[in-house]
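Me: I am new to this structure and would like to learn how to read it. Could you walk me through it?

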Amino acid sequence: MKKRILIVTLVLAMLFSFACANQTPAATEETAATTEATEAPVAEATEAPMEEEAPAEEPFKVALLLPGLISDAGWNASGYYGSIYLNENVENCQADYIENVNTTNCEATIRDYCERGYDMIVGLSFDQGDYILKVAPDYPEIAFVWSSGYMTADNVCTLNPPYQESAYLCGMIAAKMTETDTIGFISAQDNMSMISALEGYKEGARSVNPDINVIYAWTGSWSDVELGMQTALAQFEQGVDVMMGRGDGLALGCFQACIDKGVYCFGDVSDQNSIAPDLILTSTIINIGVYIENIINDVKAGEFVGKAYSLGMPAGVCDIADFHDLVPADIAAEVMAVRDQIISGQLVIEPKTEITD
């Protein structure tokens with residue numbers, strides 16, 4: 001029961017953190033003719049025809065398909081906040097979201113939004129890809145976005161943040177702060193995005209400690225809190241004393257394990273420090289709203305094509321969060337110097353598609 005209460009407390013804490021010519025008639029004068037006894041006729045005043053107001057432009061309508069619930073304090077919450085960003089920052093944009101779009105209802109959901117006149121459909125799950133690729137040819141005028149996808153089409157692009165950039169910086173911090181030279185990484189699936197994150201984490205850690213030991217695991221579930229917790233605890237028994245957990249409920253389970261054992265960790269997708277203020281050193285950041293805004297701009301400019309969008313730190317889409325005074329000043333300065341190099345393009349962290357030793 002205490003574990004369940006703590007899980008609810010974690011989610012509530014995250015959600016708490018994550019919260020203006022005038023037309024005046026022309027003057028007329030009556031003038032009498034002075035050369036004749038008759039009065040010249042006075043022209044009747046006429047009003048200029050009113051210009052018809054142009055009809056209001058239809059909003060650019062975006063539908064975000066979330067695979068889970070926005071209460072996860074992770075990926076789905078970031079999609080929700082992305083919709084808020086689009087509504088508040090993109091001119092004449094209407095962004096809506098729907099939760100729990102999975103393999104049983106995905107195709108019907110996509111077709112429903114297409115028939116309702118949406119201009120862009122954003123699938124925020126790898127598992128939605130097959131359905132996007134199936135429906136897209138039937139609606140060539142609509143732009144489709146597949147998160148973490150690996151295939152494109154004429155009107156289908158992929159959204160693949162360079163997870164390796166922010167993970168690299170977290171790896172540096174982990175390698176500097178571990179006392180056991182053993183750090184951990186847990187995620188649900190070994191897809192391209194998470195392999196890239198893992199390899200970036202390892203590369204960053206090894207840039208400051210070539211002999212660092214990186215233990216990683218794939219749980220098979222993004223949402224299983226208990227499984228995330230148990231997987232983290234198993235890694236702690238192998239010496240892990242700094243942890244990166246990536247994925248919705250999975251990450252919440254990792255946080256709970258870190259709280260129980262006093263282990264440093266990293267937040268995922270947004271600044272999650274409020275969940276464990278003394279332990280979450282920093283968080284990886286992905287601004288889904290800014291990401292989609294870039295794609296919308298291409299659509300409006302007539303430049304949208306089916307391609308891979310990989311917008312990262314140089315584009316202001318990805319970053320790391322504040323250190324909340326948990327990272328020593330010398331380590332923070334070193335990490336921020338590398339961050340500046342990534343943003344400027346001086347340092348490029350290449351994505352990896354295969355797991356290395």
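Reply: We will look at a sheet, the helices on it, and the nonpolar cores. This is a predicted model: local features need pLDDT of at least 70, side-chain atom pairs count only at pLDDT 80 or more, and totals for chains, interfaces and linings use all residues. Residues are numbered from 1 along each chain as its sequence is written, and side-chain values use heavy atoms, with hydrogens and water left out.

Me: What is the order of the strands in the open sheet?

Reply: Strands of a sheet pair through backbone hydrogen bonds, either parallel or antiparallel. Here strands (DSSP E runs of at least two residues, numbered from the N terminus) pair if DSSP finds at least two bridges between them. The 6 strands follow the order β7-β6-β8-β9-β10-β12, with mixed pairing. β7 (213–218) and β12 (318–320) are at the edges with a single partner strand each, so one side of each has no neighbour in the sheet.

Me: How many bridges join β6 and β7?

Reply: β6 (residues 182–187) pairs with β7 in the parallel sense over 6 bridges.

Me: Which strands does helix α6 touch?

Reply: Helices are DSSP H or I runs of at least four residues, and contact means heavy atoms within 4.5 Å. Helix α6 (residues 192–208) packs on the sheet, touching β6, β7, β8 (242–246) and β9 (264–267).

Me: How many residues has the largest nonpolar core?

Reply: Such a core joins buried (under 20% relative accessible area, 1.4 Å probe, protein chains only) Ala, Val, Leu, Ile, Met, Phe, Trp, Tyr and Cys residues through side-chain atoms within 4.5 Å. The largest has 64 residues, and Val 62 and Phe 266 are among those with the most contacts inside it. Helix α5 (residues 163–177) gives the largest share, 10 residues.

Technical notes
Axes fitted to C-alpha atoms, helices over the stretch in contact; angles between N-to-C directions. Buried < 20%, exposed > 50% of the residue type's maximum accessible area, 1.4 Å probe, protein only.
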